[in-house]
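This note sets out points for a colleague who wishes to read the model alongside the sequence. Please keep both in view while going through it.

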Amino acid sequence: RALDEYQTALLVQQSVLGEKHEDVAPTHASIGRMHLEQGDLGQAKESFQTALSIRESALGKTHPSVAESMTCLGDLEYRQEHYIKAEQYYRKALQIRENVQGTTDHPDCAASMIQMGKSKCKSSSKDGIETIRKAITILINELGKTNVTVADAFEQLGHAYEDTHNYGAALQCYKHVLTIRKSIHGKNHPSTAVAMNCIATIKLKTKKAADIPLGEYEKSMSILVRIVTENHPLVADTYQCIGDVYIVKCNQGLALENFSKALSIRNSLLGKYHPKTAESCNQIAELLLRKNDIPGAKMAYRQALAAAVHLYGEQHLQTATARLNMGRLYNEDHEFDDAQNEFERAVTIRKAMLGTEDLGTAEAHYWLGSVHNRQGSFEDAMRHHKIALRIRQEHLEPNHADIKASKAGIKATESQKYEDEIAL
């Protein structure tokens, strides 16, 4: 509905002001944001680029609004996991804002620095966390310690630490976020509930069995449902977290129930091509596969694969993983030709993206070897299993489970080939 209203407003503005007027650009940007949230990345890119073109033409390339457009395009690249490209857009936004303000010590510049830092962390750059920390120092100096924007920045720093598996530092950040938000909003506010969820997730990831945070998630849920209602993305996130707790507790029934609630909300609000919707599909598919519900798992994996192709394109690691998942399901359901097709495409993508000697490439070779064995193509099976074993032996300890799996795959192929020869 909001997208329809923006598009109607755009038509009115264009008829009154003309298509290239500077006041038309913000509406293009808002339409782009809506498309981005719905996972329609092609339309988002078109809207963002249109807004950028209008602003550069009408206002000049160093105007603050141009920095806003650069940020939008950075967000688009970040969503597609093109982190280096995202950082480049955020850097351009920072340069414009520094030029406008005459200094880096401004909240707008700090916002760009945080976005750059997030992208650096995702692309394994070593100074990503330091970039975010510098931004937080600027924000504290300009806005004070007890400020909503400062709390948000500490949350981003916590996510960065979490991505690098520094859970102790992440926990300290999230506790600081909670303290600030409680002091500003009180304990019964959605943003406070989000901070509580972040803390609970760290506890879950550190897997302290005596302190599994189900009660903390349920407390967050009670706040969110009361304030933002049941049908809200934050509620979906909390259902997802509660499902994760039940996975650790080995209660697959309640895990599936909560994952399904999250998926229902995400399908409704975010659309079927949103990354979080795909996340729910993958988790539901894994549970259904464990319950031997092949048709249900197949439906969920197909939606996740469609989302990956739509969001990232064919030549992307997320798409390769989705194809591996789909192939494993076909393999389980004795649809070997379809399984082979998915595994071959996964091998191709991972070789192109990761190189021939990466463990991810080895995994794809392993599964391709497995399906060739089940098809009776023993030479092909042996070739792929040996490639997987060689790569794994170069990277892993001798007793690693993946090396044992590769050796077992080779042995199974030899045994099956021998049995077939005896039968003939």
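The numbered points below pass from the overall fold to particular helices and residues.

1. Basis of the note. This is a predicted model, in which local features need pLDDT of at least 70 and side-chain atom pairs count only at pLDDT 80 or more, while totals for chains, interfaces and linings use all residues. Residues are numbered from 1 along each chain as its sequence is written, and side-chain values use heavy atoms, with hydrogens and water left out.

2. Overall fold. The protein has 20 helices and zero strands; helices (H or I, at least four residues) and strands (E, at least two) are DSSP runs numbered from the N terminus. Along the principal axes, the C-alpha atoms fill a box of roughly 80 × 50 × 40 Å. Of the 424 residues, 46% count as buried, where buried means under 20% relative accessible area, exposed means over 50% and partly exposed lies in between (1.4 Å probe, protein chains only). Among contacts with a separation of 6 or more, 55% join residues 24 or more positions apart; contact means heavy atoms within 4.5 Å.

3. Helix 9. This helix has 19 residues and reaches 26 Å from its first C-alpha to its last, close to the 27 Å expected at 1.5 Å a residue. The expected span is 1.5 Å times one less than the number of residues. Ala170, Leu171, Cys173, Tyr174, Val177, Leu178, Ile180 and Arg181 are its buried residues, and they pack against helix 8 (148–163) and helix 10. Gly186 follows helix 9 and has a positive phi, near 90 degrees.

4. Helix 9 against helix 10. The axes of helix 9 (residues 167–185) and helix 10 (residues 190–205) come within 8 Å and cross at roughly 160 degrees. Helix 9 is therefore roughly antiparallel to helix 10. Axes are lines fitted to C-alpha atoms, for helices over the stretch in contact, and angles run from 0 to 180 degrees between N-to-C directions. Angles under 35 degrees count as roughly parallel, over 145 as roughly antiparallel, 65 to 115 as roughly perpendicular and the rest as oblique. The crossing is left-handed, that is, the near helix is turned anticlockwise from the far one by less than a right angle (clockwise would be right-handed). Residues of helix 9 including Tyr167, Tyr174 and Arg181 meet residues of helix 10, among them Ser191, Met196 and Ile202. By class, the contact of helix 9 with helix 10 has 12 nonpolar, three polar and four charged residues. Here Ala, Val, Leu, Ile, Met, Phe, Trp, Tyr, Cys and Pro count as nonpolar, Asp, Glu, Lys and Arg as charged, and the others, Gly among them, as polar.

5. Helix 11 and Ser220. The end C-alpha atoms of helix 11 are 21 Å apart, which agrees with the 21 Å that its 15 residues should span at 1.5 Å a residue. Its buried residues are Leu214, Tyr217, Ser220, Met221, Ile223, Leu224 and Val228, and their cover includes helix 10 and helix 12 (233–248). Within helix 11 (residues 214–228) lies Ser220, which has a relative accessible area of 0%. Beyond its neighbours within four places in sequence, Ser220 is in contact with Ala193, Met196 and Asn197. Just after helix 11, Thr229 takes a positive phi of about 75 degrees.

6. Helix 16 against helix 17. Helix 16 (residues 317–332) and helix 17 (residues 336–354) pack at about 155 degrees with their axes 8 Å apart. This angle makes helix 16 roughly antiparallel to helix 17, and their crossing is left-handed. Leu317, Leu324 and Tyr330 are among the residues that helix 16 brings to the contact, and helix 17 contributes residues including Phe336, Phe343 and Ile349. The contact of helix 16 with helix 17 divides into 12 nonpolar, four polar and six charged residues.

7. Gln80. Where does Gln80 lie? Gln80 is in the loop between helix 4 (64–79) and helix 5 (83–101). Gln80 is buried, with a relative accessible area of 15%. Not counting residues up to four places away in sequence, Gln80 touches Leu41, Leu311, Tyr312 and His316.

8. Gln393. This residue belongs to helix 19 (residues 378–395) and counts as partly exposed at 44% relative accessibility. Apart from neighbours within four places in sequence, Gln393 is in contact with Ile403 and Lys407. The C-alpha atoms of Gln393 and Arg345, 48 residues apart along the chain, are separated by 24 Å.
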